[in-house]
Structure formats: structure tokens, C-alpha cells
There are 2 protein chains.
Amino acid sequence: MYQDIDLVEIDGLMQQSWKAFMQYRNMPIAMRAAFMKKIAEELEHCGDALIQTAMQETNLPEARLRNERGRTIFQLNNYADACLRGEWMDIRIDTAIAEKKTPKPDIRKMQIPIGPVVVFGSSNFPFAYSTAGGDTACALAAGCSVIVKAHPAHAATSQMVADAINKAVTALQMPEGIFIHVHGAASAIGEALVKHPLTKAVGFTGSFVGGKQLFDWGNQRKEPIPVFAEMGSVNPVFLLSEKLKTDAVSIAKNYAASITLGVGQFCTNPGILVGINDNNLDIFCSVLKDEIEKIPSAKMLHNGIAKNFSANKTKALMQQHVETIAASTVHEQNFDESLSANAIIATTTADVFLQNPQLHQEVFGPYSLVVKCKTSLEMLQVAEALEGQLTCTIIGTDEDIAASKMLIEIISLKCGRLVLNGVPTGVEVCLAMQHGGPFPSTTDSRFTSVGADGIKRFARPIAFQNWPNHLLPDELKDENHLQIWRTINDIPGKH
Amino acid sequence: MYQDIDLVEIDGLMQQSWKAFMQYRNMPIAMRAAFMKKIAEELEHCGDALIQTAMQETNLPEARLRNERGRTIFQLNNYADACLRGEWMDIRIDTAIAEKKTPKPDIRKMQIPIGPVVVFGSSNFPFAYSTAGGDTACALAAGCSVIVKAHPAHAATSQMVADAINKAVTALQMPEGIFIHVHGAASAIGEALVKHPLTKAVGFTGSFVGGKQLFDWGNQRKEPIPVFAEMGSVNPVFLLSEKLKTDAVSIAKNYAASITLGVGQFCTNPGILVGINDNNLDIFCSVLKDEIEKIPSAKMLHNGIAKNFSANKTKALMQQHVETIAASTVHEQNFDESLSANAIIATTTADVFLQNPQLHQEVFGPYSLVVKCKTSLEMLQVAEALEGQLTCTIIGTDEDIAASKMLIEIISLKCGRLVLNGVPTGVEVCLAMQHGGPFPSTTDSRFTSVGADGIKRFARPIAFQNWPNHLLPDELKDENHLQIWRTINDIPGKH
């Protein structure tokens, strides 16, 4: 339906993006925020047509898509507010001290935009982590221009969102080229975008293979650029004994819902559940089985994802000493096995898990592996064997926690978010959110892709030394008429 | 004098560093700060012996080395204070909202140490950017263990500083292995340290070739790690016309001093001076010539650097249409041409400069190239042609600035620090300092290696979701008894 952009057009588009960036970067933050809020408004104005198109392209249900659009609008407004508050700018002012032996000059530092940002949206969030999603909102808040490569799996949805953004561009007379939208299924297009000399940063949400490729391209450039790729993880959950004694049933019910939420297509889906092999874990597994068996199959985002789920699930289940303990066989109407997925829960021992790294890998979809440990020492070994994660979860009482100091030590080294007595799915959009963990869950654990601190991925500090007040940017002037929080001579405050 | 460490020993040392990290990361920030302050004290206690050793190894004069030790002590104390204030921790607390449609959990985020940091010190700062220098201080403040590879050019100095640090380790009963010091001239040792799986970040100050190699090794790992390499730059200075009309003489005098400060061996040495070819630039050049000719030769850090200076200077001067306009021929006593350097100023036209990228390269030492432009448009083209820089400097009146908006736009995209009517040498240690610019001046323009914000290179955020107050780290507890600045529900304050 949408033709891939011709590679020869990319240079012209990047020049246009650069030109727009040069104007946009100097616009007051109030105009950036207004632009973002206008985009949010236009997304709302897309009305049902956008939801219908997304439903057709992604198989996601209407309610979910309405929620997700709501989240996307919230993100744009929330990051616009953060842009105005300015804590992401890390403003530091050190005033001159003339009487020092070597006189200290006046130095003032703030964040400025890094340059044009290329955004690769995700397949599983057609709104919130796609065209007008988190990366785009962060880049616009930072003062960057944005080039989005539409995800081919929801190209029409992406086009409609791009059209909405362009309405906002026109309405507020933003520089032409501030937002550029291209279609491209071929990987050469992604490569050309990442490697173009005017591209200064990349945002990505998706698979490990895709993200790692972009990261490598970014680093292989003559001028390497930061590539923030969020590549998902297995989000291990540690079920501690005391808690299971009393709450195995309710926890199992919560987890059946979390594992199958959105047909398991969340980067924070709990893919590994680790427990001590005792009666309480048996009860947990048995309730989980009952719950999972009741959940009907559901359509995945597209055939490719369904095919991968089927293949990865089969591969996991074919490993020695891995047993299926629960499988939904309830089929939705018009069941199509090349597109729909039934949830499945497998189990194995810690021994087997430790010896087979294949079992540590993400199976994207409604799948989870219960790893049964003989002892809490084995549980530590399982934790130790895991790679970097977006989240780790502890299910435990205070007593469990007190007895598990080492376990918590180990997993806190492995993840960006540590959940207690909850599920990892459901990533709250707020300043305190950390959605970014050690490799391979992301390419740089020092940043987040959810929450307004994600703006920092696309900004860099510049210090002005010895500039008189009237020549400084508004953010750094004595008056602080933007009312931003700033640290002056080591003292933070709205001054 | 010092043998290279055997490659087979590295794994054992990294294991030791990891073990120490696991203890140190949980120590209260007050203990980190006390440790850093104790190191500062021990450096002071090294007394004259340390200065004498450094003088022998680096040829730097006594006064400079005493100053530099003072700076190193100041850094340790300053970053220790910053560690306690905690603004680098970017603490964000979002409290629960139970009545939301989907209840919002309590989420609290802080920075935690990234893991063992390998530090490669610089040749030109035997104290301040070496063994107990900025990278080590930042890493310790973040809560990381540190492994320093001594610079072979000042190995004995490095060893004495390491001994001082180890005294502090013993005095405060810090975990054994928190600081590890190895000698190694062979590049295989650097490679093994960067590629060891337990290494989680790298700090480097030095040449482009060295820094880029470490960066590539860091990215080629199975688990890529952040490598912050500060690789120097030419620090262009733009001499604007109105200012030169009145101040050419004093500016030329300041620049003669800046170019030859520390025998030109600073990463912020002004290597390119760009002006409009008129009478005032002639006056500037003529005074610069007189000043430079009065400056005696001086010993460089070591033979390798002197040899490189001689070779790079010769290469620059051999380029077509490059003329020498000033050369010092005053020799210090016991002049040794394989070790000492005479300052030299060359000149060329913007035309020639634009056509010859060789002239854009850093000549590390007391050398500067005056680029004469016919018009301010040519000056823009010169600015446009430059690579990423640590600093750019404008010498101009308000009138000049008003007439040079485009020039300031261009250079602000290229540098981390923008100096007005000053010299780029002299990097103040303060929170507002930005010592890090676009590639190739550093490998990541989003970070700094001078000032307490440099701590952030070696820390990453973790979010605690739904943890009760009594189980949270002190930094995140409701009470805030550490009295840290924190952002609670989007409002920053000491609360």
C-alpha cells in the first residue's frame, strides 16, 4: 500500500530536517510545549477512523487502542509540561569569583537539543511507542527535529498519525521538516537513515536483532551517535515462599492476566517465574493452569509475530526436561492458527535452566516458564545467570525480603525497575519511571524511554563561560523569568 | 621500572574489583565521601616526594605540579560534597494514587553505581586526570570500584598516588579491591581490561587514536559498555572585528600566554585562531609574534610527545600556502631538541584551510594556526567545516555578537563550552562546567569529565515500584534524613 521511500530521497529529507532543527532549536520552550499539546489535540481529533485503522492493522482490540491513544496524548502533554518545568535541562549556574587567586569566571550550563533524531516505532504499540509516541515526544521536547520510519506492520495508522502531526505543524506554523515521516520495509532504508551524517541520535523499540543492528550502525559511523534501543526482556519474577503460603491463589490469578495481557505482547511481559519447589508453588501452578486454560486464543499483531511466537514457543518446549503445565485450547471465533496465539505455561528445574541458555531467551507472546528451584541457593544461581532486564519482580512478605538480601542484591544489578508484589506489565508514565535496563534489555542503561527523563537521551549540555546576562539564553539569565528549577552555586531552587 | 601486569592476572583482579564493588555500593554516601576526603588528605601527605617524582617523570615545573595536586585534592573534596548533596542522583518520587482508574503505584527512582570502572589516565595531567583524578573521583562518588591502568610515562608518580589511595583504603577499612592499580605499556592490557565481562564502564583522557580504540572495544563486547573518552580538540577562537579594533594588543598577549601555557599541552589549547584579514588582525598577529618570540623553549612531557609535536608541526607547515609568522628561538638552558619545544604560529587563508582538512587537525603542543578570512561569510564556512570541539571561543563586542548570530549558531552546535572574551585554557572545576563536546572531542557529548556532573557517567537509574517505606534505600525513604534534593510528584525541593 505504501511504497518504500527511494534511498536517493533520504539526503534531501535529512537536509530539510536539519534546516527545521536549526529554527526549532531556538524557539522558546513554551512554543515546543504548545506544539506538543497541539499534536495531542490533533490525535484526539483523528477520532474513530484512527482507531478503526489501527484495529485492522494490528488486531488489537478497540478498548486497548483507545486506551493507548489516551496514553499517547497523556505522554505528549506530560512531556510538554516537563519541558516547561525544565528539570531535564539540569541547569547549573556558577557565578564569577573575581577575588580568587585565579579569578573564577561566570559559567552557566543547560541542555540543548542534540540534533535530528531518527525514530523507529514498535510493532506492539502502534500509538504510544510509534509515530507520535514516547521517542518523538522526548525529541520534540528536547528541541530536536524528528524523522519517523513507519513500522510496515501498521503503515496506514502511522500515516494517519503523521498527518495529524503535520496538521499541528501547519496550525502553529512550525518549521517545515520539523517532522518527517517515511515508509520503508527494507533494512537499507533504516541503515541509510542511521548512517546519514545529519542524523544525531536514534530511538528504537523492538527486537534485540533490530535494535542491536541499529546500535552497531550508529557506532560504526565516522561520527558515532547515541542509539537508544529498547529491546525487551524476560522480566523474571521471584516467588518467595512465605508469600506463596498465604497468597498463591490471588498471585496466580494476577499472573495469568499479566502473562496474557495484550496477547503477551509487552516488553515487560513476565516470561520467567522462579519459585522454590514446594506445595505452595504447586498450588500457584495449579491455579495458574486453571486460569490460563480459561483464556481464549487471541490474534497477535501480525502474521510475522504469530509465526515467531509459534516457532520460539516450540523451540522452548522442545528443550529437554521442559514440560507444558498449562495451555489454553479455547479458541476465539474465526480462529486462524497462522495469526492467533494460545497462551502456554511451561516448567523446568533450576538445574536444567542453568545448563540451557536457550531457556533464558524471550518468547515474545503469551508464554511463561516456571523455574522450580530445590533451594534458595539455586534461586540465587538462576538470578545470577540472567542477562540484563527491564524489570525484575519480587513476590514476598517482609520476612521473605529479610531472608533474601542476596537475591535482591543480584537482581538490582540486572534491571532498571524493581517491582515488589505486583506485575511488571503496566508501565506508568511518570517522572520516576525507569524503562531501561542493562544490556541486552537496552543499549544504554543510563537512560529511560518512558517518563520525561527520556528527554535527556536527545539533549546534551553546553556551558556558557563569561557571557553577559543580556546575551545569555533565557534559561540562564539572572531573572529566571521562565521560572525553571536551577542549581546556583550548588544550591538548587526555583531561582 | 614497572613490569607490565601479566594478562592472566587480570581476571583475578576484576573478580576482586567486583567483590569490592558489591560491598562498596551499599555503603552510605557519607562513607563514600569520607573515603574520597581521606584520599585527598593522603595525597597532601605525599608531600614533596610526590612532586619531585612527577617533575622527573613529566618535565612539568614544580609550581604547576603543586597547583595540579591542589586541583586534584579540590576535585576529590568537591565531588565528595556533591556526592552528599545528591543532585547527581536525580531522585524522582511519584507517590501512589489508588483512586486512579488503573491505580498508580508508588514509584521512586535514584541513581545507582554502574559497576567496576576502568580508568586510563592522561599523560598531560599526572595528578588531576590520572590515578586519583577526575574519573576515579567520579567513579568512587557514584559507588563504583576503580581499576586504574597507570600511564607508562609517569608510572612511578602513578604508583605513589596509588599507594596513597591504598592508605586511605586501609585507614577507613574500605573493601579490599575497591581500588586496583596496574602497570601496562602494552595495548593488549588495555584491551583485556576493557573487554573483561566484569568491567562496566571506562574513563579515558588522551589522544583520538587511543580513545577511539577503547570506544570500539567497548562497543564490540557481547555486552557493550559506555566508554567516555575525552580526546582533545583544536578549540577554535573567532576574533571579531570590532573587538580587535580596540583590544588587539591585549588579546594577542593573552593568547600568546594561552597557546604556550604548559608547553601547549592542554586539551583546551587554542589551536586555531580565525579572523577577518584586516589591519587589526595584522596588529594582533604582529603582537602575537613579538610575544611568542620572547617565550623560551620548554621541555615537553616526554620524548614521544615532543617527537609527535615536531612531526605534526612540520606536517602542518609543509602544507601548501601555510606560512610561519612567529617562532620562538629562545632556548632554555640544557636545550635538548628531542624533548623541548619552541612555540610556533602559522597562518593561512580561509580558502586554503577549507580545502585542506589536514589543517583542521590538532597539533598537540605550543602551536596555533591563524586562519585569515576575506569576509565574515568565509568565517562562517570555516566554522561550518570544523569537527566537534571541547570549546569554541568568541572574541567580540556586543556589536560583534549582534552581527554574528549565524556564527554563534554554528559553533554552539559544535562544542561543549562557549567562551566569550577569554581563553579556553583553564577548566574551572565546578558544577556548571561542561568538559565534553561532540565527537571527535569526546565519545559522548551528553556527559562531562570535569565537574561533579561527571559522576553521572558511572551511574544508572533504578526505579523501586511498590516498596514499603521501611524497605527502601535511605535516599528514597519518606523521611529524607539524608537531606537530599529530590523531585516529589514533579516538585523539586529538599523534601
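Me: At what angle do helix H3 (residues 47-58) and helix H6 (residues 155-171) of chain A pack?

Reply: In this predicted model, the angle between the two helices of chain A is about 155°, and their axes lie 8 Å apart. Angles over 145 degrees count as roughly antiparallel, so H3(A) is roughly antiparallel to H6(A). The crossing of H3(A) past H6(A) is left-handed.

Me: Which residues of H3(A) and H6(A) meet?

Reply: From H3(A) come A:Leu50, A:Thr53, A:Ala54 and A:Glu57, and they meet A:Ala156, A:Thr157 and A:Met160 of H6(A). Sorted by class, this contact has four nonpolar, two polar and one charged residues.

Me: How many residues does each chain give to the contact, and which element of chain B gives the most?

Reply: Chain B gives 52 residues and chain A gives 52 residues. Among the elements of chain B that give two or more are helix H15 (405-412) and strand S16 (415-420). S17(B) gives the most, with six residues. The side of chain B that touches chain A has 23 nonpolar, 14 polar and 15 charged residues.

Me: How many bridges join strand S16 (residues 415-420) of chain A to S17(B)?

Reply: Three bridges join them, and the two strands run parallel. One residue to look up is A:Val419, whose bridge partner in S17(B) is B:Gln465.

Terms used:
Residues numbered from 1 in each chain as written. Chains lettered and ligands numbered in written order. Predicted model: local features only at pLDDT ≥ 70, side-chain atom pairs only at ≥ 80, totals over all residues. Axes fitted to C-alpha atoms, helices over the stretch in contact; angles between N-to-C directions. Helix = DSSP H or I, 4+ residues; strand = E, 2+ residues; numbered from the N terminus. Parallel < 35°, antiparallel > 145°, perpendicular 65-115°, else oblique. Left-handed = near helix turned anticlockwise from the far one by under 90°. Contact = placed C-beta atoms within 7 Å. Nonpolar A, V, L, I, M, F, W, Y, C, P; charged D, E, K, R; others polar. Pairing = 2+ DSSP bridges.
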